[in-house]
Amino acid sequence: MTRRADGRIVRSLSGFYDVQTADGLVTCRARGILRKEGNSPLTGDLVNISVEKGKGMVESILPRRNSF
């Protein structure tokens, strides 16, 4: 069963993103469509994720106010 959650990326390393949610820390990968659009997730981004069998996937990135 797939579960949806919102959270903040607290660490990114080699294509894996640690997302802090209300339920705890989830390690995620980004959907390929995000990279094709040129919108890679950054540390500090608020994101929507889906979690299935303990593995997460970044579904979308919420609008950001700024980035380095």
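How many positive and negative side chains does the chain have, and how far apart do the centres of the two sets lie? There are 12 positive and 7 negative side chains, with 4 Å between the two centres. Here Lys and Arg count as positive and Asp and Glu as negative, while His and the chain ends are not counted. Each charge is placed at NZ of Lys, CZ of Arg, CG of Asp or CD of Glu.

## About the model

This is a predicted model, in which local features need pLDDT of at least 70 and side-chain atom pairs count only at pLDDT 80 or more, whereas totals for chains, interfaces and linings use all residues. Residues are numbered from 1 along each chain as its sequence is written, and side-chain values use heavy atoms, with hydrogens and water left out.

## The chain as a whole

Let's begin with the fold. The chain has 1 helix and 5 strands, arranged along the sequence as β-β-β-α-β-β. Helices (H or I, at least four residues) and strands (E, at least two) are DSSP runs, numbered from the N terminus.

The radius of gyration of the chain is 11 Å, which agrees with the value near 11 Å for a compact globule of 68 residues. That radius is taken over C-alpha atoms, and the globule rule is 2.2 Å times the number of residues to the power 0.38. Along the principal axes, the C-alpha atoms fill a box of roughly 35 × 25 × 20 Å.

## Surface and contacts

About 4900 Å² of the chain is accessible surface, and carbon and sulfur atoms hold 51% of that area. Areas come from the Shrake-Rupley method with a 1.4 Å probe; for residues, only the protein chains shown count as cover.

Among contacts (heavy atoms within 4.5 Å) with a separation of 6 or more, 47% join residues 24 or more positions apart.

Now for two residues that touch each other. Thr21 belongs to strand β2 (residues 16–21) and counts as buried because its relative accessibility is 7%. The side chain of Thr21 reaches the backbone oxygen of Gly24 at 2.8 Å. Beyond residues up to four places away in sequence, Thr21 touches Ala5, Asp6, Gly7, Val26 and Ile49.

Ala5 sits in strand β1 (residues 3–13) and, at 15% relative accessibility, is also buried. Outside four places in sequence, the contacts of Ala5 are Thr21, Val47, Asn48 and Ile49. From Ala5 to Gly44 there are 39 residues in sequence and 16 Å in space, C-alpha to C-alpha.

Methods: Buried means under 20% relative accessible area, exposed over 50%, partly exposed in between (1.4 Å probe, protein chains only). A polar contact is a pair of N or O atoms within 3.5 Å; within protein, one must be able to donate a hydrogen and the other to accept it, and residues adjacent in sequence count only if both atoms are side-chain atoms.
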